[in-house]
Amino acid sequence: MFVKVCGLSTPESVREAVDAGADAVGFVLTASPRVVSPSQVASLLSGVPKGVSPIAVFRDEPVADAIAIARAAGLQWIQLHGTRTRADVATVHDAGMKLVRAITIGAGADEFEDWGEDLLLIDASVPGSGESWDYASVAALPALKGRNWLLAGGLDAANVAGASAAAHAWGVDVSSGVEVSRGVKDPAKIRAFVHAAKAAATV
């Protein structure tokens, strides 16, 4: 099970995610309670070893701006929420970067198709809200068959195994589910989530 822990903002939270076995860590570079600056990300990257992918997360920024900000932060992965196009995917790749294209469960059918992104992320209707949804509703979507994609929205240590199994997800992404308050990560919750997700893959 591929596991991404998102919205990290302190060296301690990065270390906890990495030590627990996370495959990717997300840094929010858009307006959010979890926002960090490019210079903060640059300092946090010292705690991210090779083999763990650091990802710059954006909402509605134009793709060119997202690329510039990610570069300033020293990141090669970009996660784009909001209304996007196939041309945006090509633009990210032409810039030599990798892309997580994030959509919500309420997206149009075409948005679930493979646009050439490196990973697709399927989130709740309000990303970052912590609200759960009908995870099983995407299990049978033909567009997802055989693809690498991440399940997000309302996940925590208690439900990640059941949710990922119901959705037939390749990986999972968490943010609010490992927090004690909005934007404040809890080390114990990070460890519990990563361990539960990794264990789910072996059941």
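Predicted model: local features only at pLDDT ≥ 70, side-chain atom pairs only at ≥ 80, totals over all residues.
Residues are numbered from 1 along each chain as its sequence is written, and side-chain values use heavy atoms, with hydrogens and water left out.

Q: How many helices and strands does the protein chain have?
A: Helices (H or I, at least four residues) and strands (E, at least two) are DSSP runs, numbered from the N terminus. Counted in this way, the protein chain has 6 helices and 10 strands.

Q: What radius of gyration does the protein chain have?
A: The radius of gyration is taken over C-alpha atoms, and the globule rule is 2.2 Å times the number of residues to the power 0.38. For 203 residues, this rule puts a compact globule near 17 Å, and the value for the protein chain agrees with that. The C-alpha trace spans about 40 × 40 × 30 Å along its principal axes, and the radius of gyration of the chain is 15 Å.

Q: What percentage of the residues of the protein chain count as buried?
A: A residue is buried under 20% relative accessible area, exposed over 50%, and partly exposed in between (1.4 Å probe, protein chains only). Of the 203 residues of the protein chain, the share that counts as buried is 50%.

Q: Is α1 roughly parallel or roughly antiparallel to α6?
A: Axes are lines fitted to C-alpha atoms, for helices over the stretch in contact, and angles run from 0 to 180 degrees between N-to-C directions. The axes of helix α1 (residues 11-20) and helix α6 (residues 187-200) come within 9 Å and cross at roughly 25°. Angles under 35 degrees count as roughly parallel, over 145 as roughly antiparallel, 65 to 115 as roughly perpendicular and the rest as oblique. The crossing angle therefore makes α1 and α6 roughly parallel.

Q: Which residues of α6 meet α1?
A: Contact means heavy atoms within 4.5 Å. On the side of α1, the residues that take part are Ser13, Glu16, Ala17 and Ala20. Their partners in α6 are Pro187, Ile190, Arg191, Val194 and His195.

Q: Which residues of α1 are buried?
A: The cover over the buried residues of α1 includes β1 (2-5), β2 (24-28), α2 (38-44), β10 (184-185) and α6. One of the buried residues is Val14, which has 1% relative accessibility and touches Leu8, Phe27, Leu44, Gly47 and Val48, leaving aside residues up to four places away in sequence. The buried residues of α1 are Ser13, Val14, Glu16, Ala17, Val18 and Ala20.

Q: Is the crossing of α5 and α6 left-handed or right-handed?
A: The axes of helix α5 (residues 160-167) and α6 come within 8 Å and cross at roughly 40°, and the two helices are therefore oblique to each other. A crossing is left-handed if the near helix is turned anticlockwise from the far one by less than a right angle, and right-handed if clockwise. The crossing of α5 and α6 is right-handed.

Q: Which residues of α6 meet α5?
A: The residues that α5 brings to this contact are Val160, Ala161 and Ser164. In α6, the residues that meet them are Phe193, Ala196, Ala197 and Ala200.

Q: Is Arg101 buried or exposed?
A: Arg101 lies in strand β5 (residues 98-104), and its neighbours in contact include Leu80, Val89, Glu111, Glu113 and Trp115. The C-alpha atoms of Arg101 and Glu111 are separated by 9.5 Å, although the two residues are 10 residues apart along the chain. With a relative accessible area of 2%, Arg101 is buried.

Q: Which residues does Met97 touch, not counting residues up to four places away in sequence?
A: Met97 is found in the loop between α4 (86-94) and β5, and with a relative accessible area of 3% Met97 is buried. The residues that Met97 touches are Ile67, Ala70, Arg71, Leu75, Gln76, Ile78 and Val92.

Q: What is the phi of His168?
A: His168 belongs to the loop between α5 and β8 (171-174), where it is exposed, with a relative accessible area of 56%. Most residues other than glycine have a negative phi. His168 has a positive phi, with a value near 60°.
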